[in-house]
Structures are given as structure tokens and as C-alpha cells.
Amino acid sequence: MFNDWEEKSRGLTISPSLLWEYDFAKADWQALKHIVVGRIIERGWLNDYYAGIRLYGGVENFKEIIKELPFMRDEDIDFVCKIFELNKDELKCYTRKQSREQLLNS
């Protein structure tokens with residue numbers, strides 16, 4: 001879906017409303033990568049996805065950040081797996097959730 005990200009992301013920035021509590025001028029985008037990508041997934045528009053992909057150096061880098069996220073809602077997991085062609089087992093949040101459920105059910 002994001003094969004055209006280089007063209008479509010030109011001039012785009014992440015919506016300030018997604019990160020209302022951060023000063024964009026002083027933000028350490030690398031340190032905030034999990035928060036930024038998580039907010040894009042939770043509440044972002046298509047332009048936010050394009051801007052995030054550009055910010056983090058491409059689709060593959062964006063996917064790696066998605067894989068590292070500690071929490072996502074079930075519907076967001078389904079969405080990112082479909083859109084970014086990921087398996088649930090690749091997602092830290094999913095494997096952690098499965099481990100917790102096994103522990104609670106044992």
C-alpha cells in the first residue's frame with residue numbers, strides 16, 4: 001500500500017494533534033519513535049502514516065518500529081498486519097499478550 005511513500009510524503013508532517021503534549025521544535029523523534037508510531041496507528045490519518053514513514057526512513061524501518069511496540073489494541077494489530085503484511089507473531093505486543101494469557105490460564 002505504501003509503495004509510493006516517497007512521492008506522497010513530500011512536505012507532510014505528523015499532525016500536531018497526535019502528539020499534543022510534545023514540543024515539535026524540541027522533540028527527539030528517535031527517542032519518541034514508539035510513541036509516535038503508536039499514536040499514528042491509534043489515531044492517525046493516511047497523511048500521518050506517510051509522514052511517519054518518511055520520518056523513520058522508509059516502510060521497512062516503520063515496520064520494525066511497529067514490531068517493537070509494547071501495546072496495541074486487537075483491531076490495530078489486525079490492521080497493521082493486513083496493511084504492512086506482518087504476522088501477528090512478529091509483533092512484540094501480540095507475543096507478550098499471548099504469554100500473559102497463557103500464564104493467567106494455567
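User: Leaving aside neighbours within four places in sequence, with which residues is Met-72 in contact?

Analyst: This is a predicted model, in which local features need pLDDT of at least 70, side-chain atom pairs count only at pLDDT 80 or more, and totals for chains, interfaces and linings use all residues. Residues are numbered from 1 along each chain as its sequence is written, and side-chain values use heavy atoms, with hydrogens and water left out. Contact means heavy atoms within 4.5 Å. With neighbours within four places in sequence set aside, the partners of Met-72 are Ile-41, Ile-66, Ile-77, Val-80, Leu-91 and Cys-93.

User: Which residues have the most contacts inside the largest nonpolar core?

Analyst: A nonpolar core is a set of buried Ala, Val, Leu, Ile, Met, Phe, Trp, Tyr and Cys residues joined through side-chain atoms within 4.5 Å; buried means under 20% relative accessible area, exposed over 50% and partly exposed in between (1.4 Å probe, protein chains only). The largest such core has 30 residues, and those with the most contacts inside it are Phe-62, Ile-66, Met-72, Phe-84 and Leu-91.

User: Which elements give two or more residues to this core?

Analyst: Helices (H or I, at least four residues) and strands (E, at least two) are DSSP runs, numbered from the N terminus. The elements that give two or more residues to the core are α2 (33-43), α3, α4, α5 and α6.

User: How many aromatic pairs are there?

Analyst: Rings of Phe, Tyr and Trp (its six-membered ring) pair if their centres lie within 6.5 Å; planes under 30 degrees apart count as stacked, over 60 as edge-to-face and the rest as tilted. By this rule the count is eight.

User: How many residues apart in sequence are the parts that Phe-2 and Tyr-50 tie together?

Analyst: The Phe-2 and Tyr-50 rings are edge-to-face, at 5.2 Å centre to centre and 80 degrees between the planes. Phe-2 lies in the segment before α1 (5-8) and Tyr-50 in helix α3 (residues 46-55), so the parts tied together are apart in sequence by 48 residues.

User: Is Phe-84 buried or exposed?

Analyst: The centres of the Phe-62 and Phe-84 rings are 5.7 Å apart and their planes are at 40 degrees, so this pair is tilted. Phe-62 is in helix α4 (residues 59-68) and Phe-84 in the loop between α5 and α6. Like Phe-62, Phe-84 is buried.

User: What is the relative accessible area of Glu-85?

Analyst: Glu-85 is in the loop between α5 (74-83) and α6 (92-104), and its phi is positive, near 55 degrees, in a residue other than glycine. Glu-85 is exposed, with a relative accessible area of 70%.
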